[in-house]
Amino acid sequence: MASGMVGSFQLMKSLNKSLILNVIRLDGPISRAEIAKKTNLTPPTVTNLVAELLASNLVIESDLGTSSVGRKPIMLRIHASAFQVIGIDVGASHLKLVSTNLNAEIQETLLVKMPNPITAPSFLELLIHSVDTLLEKSQLQKDTILGIGIGMHGLVNPKQGVADYAPNLALRHIPIREKLETAFNLPVEIENDVRAMALGESWFGNGQGIENFICVNVGMGIGAGIILDHKLFTGASFTAGEIGHTTIEIEGPKCSCGNHGCLQALAAGPAIASRVQEEIRLGRESLIAELVHGDVEEITGETVHQAALQGDPLAIEALKNTGRYLGIGVANLINILNPSRIILGGGVSKAGEFILGPMKETVEKRALNSASICEVKLGDFGTAIGAATLVLQKLFMPEYSNGDTRGTERVGLQ
Ligand SMILES: [Zn+2]
């Protein structure tokens, strides 16, 4: 019993420390007295825990604040540059790596092309080699790195740290955490790529301060990351947000999942390309055919966008239909979860008004409540920044973390 009490005291202490740390992150520079007010902790507790945070170098004292009575208080802020985090986006064809400071500001980036096909062991080797390259490139000391976060496409189990199914690499059950933790002796967090992107937008992007929003990524596939009450919602087995596989047309085209008429089979990049290819094969005249010099197989979503910019009717029509399908998917999301904002990311969203216009129109018609619709703020490295945020979340808000609870002892939080 005694050891149990010691254990719960330790846990309480580390949670209180994270709580203080997070208040300093959100409201710093801030005085000890203000922290006590905001956290409802006693001033002596705050003083003790702040002393430990100062000793760990996570927090530093900054300028003096203002006070109407008595002497000016010493202000505290996060020592953002004292530690780094590594974030990795595992997409369909590339690895994108970033190293960031504690504010998720990018210090260094690395883009690595993945061979395809690839086996699970060579994929893991490539991941490890890429992290090594990034460390070298950014001349980081390993003892100031707090952890590695990974946003992986497909189905992911963040608790076990395993990528269950990565469709674009045709791989299953990749033990990412186990391999990377062994290789680097650093805590490793893993989450689905779109879910990571949503978390990044929530902390540092267009979702900042928004209680309920949904990040929808439209690229090679379609997925969503759902933030409810400022927290990433993952569902019972981590697949919440797989809107790409919701049925939009019962008799629609076949999807990679085996069903027919999924949103992804109608509105993702490859779906736009294949609809256009079919029309051209049936004899429809279009600038798109010229752009690929008659090789219809070479048509991509990007080619269609290029043609639309030059006024090609087929291209404009294809993107308009895509916008309508997306609008139906998004309206369904709004009707189920009533978010106040939808944030769009991914390659297809770059087609701008050609898709956004008809999409917004459809949403207005079909959703019972309105939600503002905007694009992601964090751009091409958004998923990698989101992956880094997984590690930051474990440090600042461990109670929100879906990963395991190890790791934060590096900075004395456990
Ligand atoms: Zn499907």
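Does His245 count as buried, exposed or partly exposed, and at what relative accessibility? His245 counts as partly exposed because its relative accessibility is 30%; buried means under 20% relative accessible area, exposed over 50%, and partly exposed in between, with a 1.4 Å probe and protein chains only.

## About the model

This is a predicted model, in which local features need pLDDT of at least 70, side-chain atom pairs count only at pLDDT 80 or more, and totals for chains, interfaces and linings use all residues. Residues are numbered from 1 along each chain as its sequence is written, and side-chain values use heavy atoms, leaving out hydrogens and water.

## The zinc site

Let's go to the zinc ion. Its protein donors are His245 (ND1), Cys255 (SG), Cys257 (SG) and Cys262 (SG), at 2.1 to 2.4 Å. Donors are N, O and S atoms within 2.8 Å of the metal (3.2 Å for Na, K and Ca); water is not among the atoms, so sites may look incomplete. Along the chain, the donors follow the spacing H-x9-C-x1-C-x4-C.

The angles between the four donor atoms run from 103 to 126 degrees, so the arrangement is tetrahedral; for four donors this term asks that all angles lie between 85 and 135 degrees. Cys255 is buried, with a relative accessible area of 7%.

## The open sheet

Five strands form an open sheet in the order β6-β5-β4-β7-β11, with mixed pairing. Strands are DSSP runs (E, at least two residues), as are helices (H or I, at least four), numbered from the N terminus; two strands pair if DSSP finds at least two bridges between them. At the edges stand β6 (106–113) and β11 (188–192), each with a single partner strand, so one side of each has no neighbour in the sheet.

β4 (residues 84–90) and β7 (residues 145–152) pair in the parallel sense over seven bridges. Gly87 has Gly149 in β7 as its bridge partner.

## The nonpolar cores

The largest nonpolar core holds 46 residues, and Val216, Ile222, Val276, Ile288, Ile299, Val304 and Ile342 touch the most other members. Such a core is a set of buried Ala, Val, Leu, Ile, Met, Phe, Trp, Tyr and Cys residues joined through side-chain atoms within 4.5 Å. Helix α11 gives the most to this core, with eleven residues.

Leaving aside neighbours within four places in sequence, Val276 is in contact (heavy atoms within 4.5 Å) with Ile288, Ile299, Val304, Leu314 and Ala318. Another core, of 35 residues, lies apart from the largest one and includes Ile20, Leu146, Leu395 and Met397.

Conventions:
Four donors count as tetrahedral if all angles lie between 85 and 135 degrees; four count as square planar and six as octahedral if opposite donors are over 155 degrees apart and all others between 65 and 115; anything else is irregular.
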